[in-house]
Amino acid sequence: MAYAKHLTKITDINKFYLENIINKGDVTIDATMGNGYDTKYLAEKVGEKGFVYAFDIQEEALKSTRKKLEKEGYLDRAKLILDGHENIDKYVKEEVSCVLFNLGYLPRAKHLIITKPDTTLKAIKSSLEILKENGIISIAIYTGHDGGQEEKDSIYNFVNNLNQDEFNVLESKFLNQVNNPPQLILIEKKKSQ
Ligand code: SAH
């Protein structure tokens, strides 16, 4: 797989961080399937012995993701779930090394369907419960749409207060881009001493 050489997209920068976090055989979660790019990325990284749980509330997302995985022969290492990520705890019972959130709305689809503060926070909290030591929760946040700023604020409120003895919380953002550039939050679970 080719990795980004430039610092242009937050989702590409995300991959720099994740490169050494996800190993073959890992169980991972794509909390916002969308068009399935991240599900495919995770499926490739975990290999045939690994697994990806992917969530979305739109049937269209499952359809395009299924198509992508089918093309690569990855369908047997992923479960595509038509349900909100706030219900992660009902589906995933094992420890995971990585949970990806790409918030906001699905590009080109109905912009009325967006991720929301309450459900996003519930999903982040459930993810923290099942995160392995040295595992990462990655959250790409967009504030250009209605409700985006509120969602960002509630996420920052929560992650700013995570105990630094247990978690590392990192922010990455473009400082010189116009029109509400996205930001990326990474939460790493520290090894217990
Ligand atoms: N803004 C990103 C794409 C985000 S896609 C970009 O530009 O690349 C966000 C996805 O989250 C959408 O497909 C939407 O259907 C999904 N979604 C919204 N609420 C959700 C929920 N509660 N659980 C899981 N997925 C959800």
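**View 1. L18 sits in helix α1, which covers residues 10-18.** Helices here are DSSP runs of H or I with at least four residues, strands are runs of E with at least two, and both are numbered from the N terminus. L18 is buried, with a relative accessible area of 0%. For that label, buried means under 20% relative accessible area, exposed means over 50%, and partly exposed is in between, using a 1.4 Å probe and protein chains only. Look for V46 too: 28 residues separate L18 and V46 along the chain, and their C-alpha atoms are 12 Å apart.

A quick word on the model: it is predicted, so local features need pLDDT of at least 70 and side-chain atom pairs count only at pLDDT 80 or more, while totals for chains, interfaces and linings use all residues. Residues are numbered from 1 along each chain as its sequence is written, and side-chain values use heavy atoms, with hydrogens and water left out.

**View 2. The ligand sits in the largest pocket.** A pocket is an open set of points on a 1 Å grid over the protein atoms alone, with protein on both sides within 12 Å along at least five of seven lines; a molecule sits in one if more than half of its atoms lie within 2 Å of its grid points. Around the ligand there are 19 residues, and the closest are D56, Q58, H85, E86 and L103. To count as near, a residue needs a heavy atom within 4 Å.

View 3. On its own the ligand has 580 Å² of accessible area, and the protein covers 89% of that.

**View 4. Helix α5 takes in residues 117-130.** Its 14 residues reach 20 Å from first C-alpha to last, close to the 20 Å expected at 1.5 Å a residue. Buried residues in α5 include T120, L121, I124 and L128.

View 5. N179 isn't a glycine, yet its phi is positive, about 60 degrees. N180, also not a glycine, has a positive phi near 50 degrees. N179 is exposed at 68% relative accessible area, whereas N180 is partly exposed at 46%.

Methods: Expected span 1.5 Å × (residues − 1). Areas by Shrake-Rupley, 256 points an atom, 1.4 Å probe, with all protein chains shown as cover. 1 Å grid on protein atoms, 1.4 Å probe; cavity = no way out; pocket = protein on both sides within 12 Å on 5 of 7 lines; lining within 4 Å.
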